[in-house]
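Subject: Structure handover

Hello,

Here is the structure for you to look over. My notes follow below.

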Amino acid sequence: MHRGNYLVEYDFDAYHPRLIAKEFGYDFPSGSVHEYLGKKYFNKDVLTEEDYKNSKIITFKQLYGGVAQEYKNIDFFQLIDEASTKLQETCESQGYIDLPTGIVLQKSKDLTKNKLFNYYVQNLETFNNIDKI
């Protein structure tokens, strides 16, 4: 082992949902985000281990594939749908969008609403990670 060389790995609970919530003004209750959302998906007070795993899958599908109609009644996903629409409208009207790191993303014909939101969130993660590191 060389002196001074380290690898540090971070693993945050529901990092992207928490970043999105903070960026767009949503407050999750304390505790597990996946459990909180899973209770809403499955209309249960207590989740099984499988429910919890499925909750994570559903959450990330909504974040990166667009919010399905069946989940638009959940306030967090209403926020995501509204935020991604606003980002798209801003990009359309300006011809670009300023990302959190200061990078300017130009409008292009293949830049869909979902793709734009994904780029925004990935950039937001980079912006926050640089600060943490």
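The buried residues of helix α2 are V33, H34, L37, G38 and Y41. Buried means under 20% relative accessible area, exposed means over 50%, and partly exposed lies in between (1.4 Å probe, protein chains only). Helices (H or I, at least four residues) and strands (E, at least two) are DSSP runs, numbered from the N terminus. Contact here means heavy atoms within 4.5 Å.

Before going on, the ground rules. This is a predicted model: local features need pLDDT of at least 70, side-chain atom pairs count only at pLDDT 80 or more, and totals for chains, interfaces and linings use all residues. Residues are numbered from 1 along each chain as its sequence is written, and side-chain values use heavy atoms, with hydrogens and water left out.

Ends of α2

S32 caps the N-terminal end of α2. One of its side-chain oxygens lies 3.3 Å from the backbone nitrogen of H34. A polar contact is a pair of N or O atoms within 3.5 Å; within protein, one must be able to donate a hydrogen and the other to accept it, and residues adjacent in sequence count only if both atoms are side-chain atoms.

Just after α2 comes N43, with a positive phi of about 50°. Most residues other than glycine have a negative phi. N43 lies in the loop between α2 and α3. At 73% relative accessibility, N43 is exposed.

Core

The largest nonpolar core has 27 residues. L37, F76, F77 and I80 have the most contacts inside it. Such a core is a set of buried Ala, Val, Leu, Ile, Met, Phe, Trp, Tyr and Cys residues joined through side-chain atoms within 4.5 Å. At least two residues of this core come from each of α1 (15–24), α2 (33–42), α3 (49–65), α4 (75–94) and α5 (113–132). The most come from α4, with 6 residues.

Take F76. Leaving aside neighbours within four places in sequence, F76 is in contact with P17, I20, A21, Y26, F28, L37 and L63.

I74 sits in the loop between α3 and α4. I74 is buried, at 5% relative accessible area. With neighbours within four places in sequence left aside, I74 is in contact with L37, K40 and Y41. D45 is 29 residues from I74 along the chain, and their C-alpha atoms are separated by 16 Å.

Aromatic pairs

A search of the whole structure finds 11 aromatic pairs. Rings of Phe, Tyr and Trp (its six-membered ring) pair if their centres lie within 6.5 Å; planes under 30 degrees apart count as stacked, over 60 as edge-to-face and the rest as tilted.

Y41 and F42 are edge-to-face, because their ring centres are 6.1 Å apart and their planes are at 85°. Y41 is buried at 13% relative accessible area, while F42 is partly exposed at 26%. F60 and Y64 are stacked: centres 6.3 Å apart, planes at 5°. F60 and Y64 are 4 residues apart in helix α3, so about one helical turn separates them. F60 is partly exposed at 30%, and Y64 is partly exposed at 23%.

One aromatic cluster is formed by Y26, F28, Y36, Y41, F42, Y71, F76 and F77.

Salt bridges

Side chains of opposite charge can pair when their charged atoms come close. The rule used: a side-chain nitrogen of Lys or Arg within 4 Å of a carboxyl oxygen of Asp or Glu. By this rule there are 6 salt bridges.

D81 and K72 meet in a salt bridge, 3.7 Å from N to O. K113 also forms a salt bridge with D81, with the closest N and O atoms 3.1 Å apart. That pair links distant parts of the chain: K113 is in helix α5 and D81 in helix α4, 32 residues apart. K72 is partly exposed at 27% relative accessibility, and K113 is partly exposed at 21%.

D110 and K115 meet in a salt bridge at 3.9 Å, N to O. D110 is partly exposed at 46%, and K115 is partly exposed at 30%. Salt bridges that share partners join K72, D81 and K113 into one network.

Best wishes
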